[in-house]
Amino acid sequence: MNGVEGFRVTVFKATQKDTQKMTFDEKIIAVMKNNPKVTRHDIASLLGTSPNTIKVHIAKLKKEGRLKRIGPDKGGYWEVE
């Protein structure tokens with residue numbers, strides 16, 4: 001190898017087509033997995049919707065047992081199951 005040592009890293013970026021296959025709830029969960037301390041206002045901003053829409057989806061996810069809030073609203077975090 002011409003006296004050069006090293007390695008190669010291949011990074012796969014999620015395409016728009018991949019994210020389009022995700023449901024809205026899956027997108028919320030993905031954001032929460034990436035940042036457990038994220039607020040619903042931040043999620044709404046990232047996903048281009050209103051905080052109230054996020055509130056409805058969070059309530060549904062909590063009822064389904066897929067999401068749990070640990071700690072207070074300020075200073076707490078999301079646990080994704």
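Reader: Which side chain does K60 meet in a salt bridge?

Author: K60 pairs with D25, at 2.6 Å from N to O. A salt bridge here is a side-chain nitrogen of Lys or Arg within 4 Å of a carboxyl oxygen of Asp or Glu. Note that this is a predicted model: local features need pLDDT of at least 70, side-chain atom pairs count only at pLDDT 80 or more, and totals for chains, interfaces and linings use all residues. Residues are numbered from 1 along each chain as its sequence is written, and side-chain values use heavy atoms, without hydrogens and water.

Reader: D25, buried or exposed?

Author: D25 is buried, at 7% relative accessibility. K60 is partly exposed, at 39%. Cut-offs for relative accessible area: buried is under 20%, exposed over 50%, partly exposed in between (1.4 Å probe, protein chains only).

Reader: How many salt bridges in the whole structure?

Author: Two. E64 also forms one with R66, with the closest N and O atoms 3.7 Å apart. E64 is partly exposed at 44%, and R66 is partly exposed at 30%.

Reader: Switching to packing. What angle do α2 and α4 make?

Author: About 90 degrees, with the axes 10 Å apart. The axes are lines fitted to C-alpha atoms over the stretch in contact, and angles run from 0 to 180 degrees between N-to-C directions.

Notes
Helix = DSSP H or I, 4+ residues; strand = E, 2+ residues; numbered from the N terminus.
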